[in-house]
Amino acid sequence: MAAKSASTETSAGDSRHAARATRSAGRKMRSLLLDAASPLFRERGLAGTAISDIATAADAFPSQITYYFRTKEALFVECACRDLLYLARTTEQAALSARTPRDYTHALAETVTATDSVAFFAEALTLTRRRPDLAPLVERTIERLHSEGASAYASQIERHGWRTLRTPDQSSRRFWAVAIGVILEGYAMGRSADELCGEMLRVLGEQAKTAGDNARLRLVGDRDTATDTTSDGETSS
């Protein structure tokens, strides 16, 4: 009986190990396919990229793409979402060394406009209008983008003693809304990365000073209804 019980436990352990190995292999293959597809989509667009091209670049079979992602459109959206989250982390890292609100915002704007990740994501947003089944992934990505941005901003506030009338969540949401709008318009107008950065800084507005200067940080142009405002409604510096 003891031998039978030990044999059963060994069999169960082997099954769990096999299941973990299968999941690990699946995650690795998904990652390889995303790595291969992303630059192709960014260079050629959705229509100009064939599943066979992606499979060749990933050293995989076309059937593996449909197995893991079902459709080319789903793969496109997941690539765009992943790239945007990568950009968000890079943006937050670039702003870590900023000591003033102005430097912080400049680092964010400069980094976010240096690549085409936001424009890539905007294509995915457009695609979900025709493919509502893909919308949940975009929604989760946006919420994660906002929550991680809010967390990074809150850490900077605590670290430097900055003050703000807006919550970190409100500031993060407005920053990314401005980024998407400015970059989309800029790409349509053929503007350079420097021009996009300058336009973002203009739209975000002049930064307030640090808490030590008795002013409040306005990461994305906070309004202060308790003080005098400029003609466009933004708090004057």
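**Close-up views of a predicted model**

**Figure 1. The largest nonpolar core of the predicted model.** This core has 53 residues, and those with the most contacts inside it are Phe41, Leu75, Val112, Val118, Trp176 and Met200. Helix H4, residues 72-94, supplies the largest share of the core, 11 residues. In soluble globular proteins, nonpolar side chains tend to be buried together.

**Figure 2. The surroundings of Leu75.** When residues up to four places away in sequence are not counted, Leu75 touches Leu34, Ala37, Phe41, Ile54, Ile65 and Phe69. Leu75 and Phe41 are both among the residues with the most contacts inside the largest nonpolar core.

**Figure 3. The largest cavity and its lining.** The model contains 1 cavity of 30 Å³ or more, and the largest cavity holds about 110 Å³ of space. The lining comprises 13 residues, of which Tyr104, Leu108, Gly149, Phe175 and Trp176 are the closest to the cavity centre. By type, the lining residues are 8 nonpolar, 4 polar and 1 charged. At least two residues of the lining come from each of H4, H5 (101-112), H7 (135-160) and H8 (168-189); H8 gives the most, with 4 residues.

**Figure 4. Helix H8 and its packing.** The 22 residues of H8 should span 32 Å at 1.5 Å a residue, which agrees with the 31 Å between its end C-alpha atoms. Buried residues of H8 include Ser171, Ser172, Phe175, Trp176, Val178 and Ala179. The buried residues of this helix pack against H4, H5, H6 (117-130), H7 and H9 (193-204). Just after H8, Gly190 adopts a positive phi of about 70°.

Methods. Residues numbered from 1 in each chain as written. Predicted model: local features only at pLDDT ≥ 70, side-chain atom pairs only at ≥ 80, totals over all residues. Heavy atoms only, no water. Core = buried A, V, L, I, M, F, W, Y, C linked by side-chain atoms within 4.5 Å. Buried < 20%, exposed > 50% of the residue type's maximum accessible area, 1.4 Å probe, protein only. Contact = heavy atoms within 4.5 Å. 1 Å grid on protein atoms, 1.4 Å probe; cavity = no way out; pocket = protein on both sides within 12 Å on 5 of 7 lines; lining within 4 Å. Points joined across faces, edges and corners; volume = space filled by probe spheres on them. Nonpolar A, V, L, I, M, F, W, Y, C, P; charged D, E, K, R; others polar. Expected span 1.5 Å × (residues − 1).
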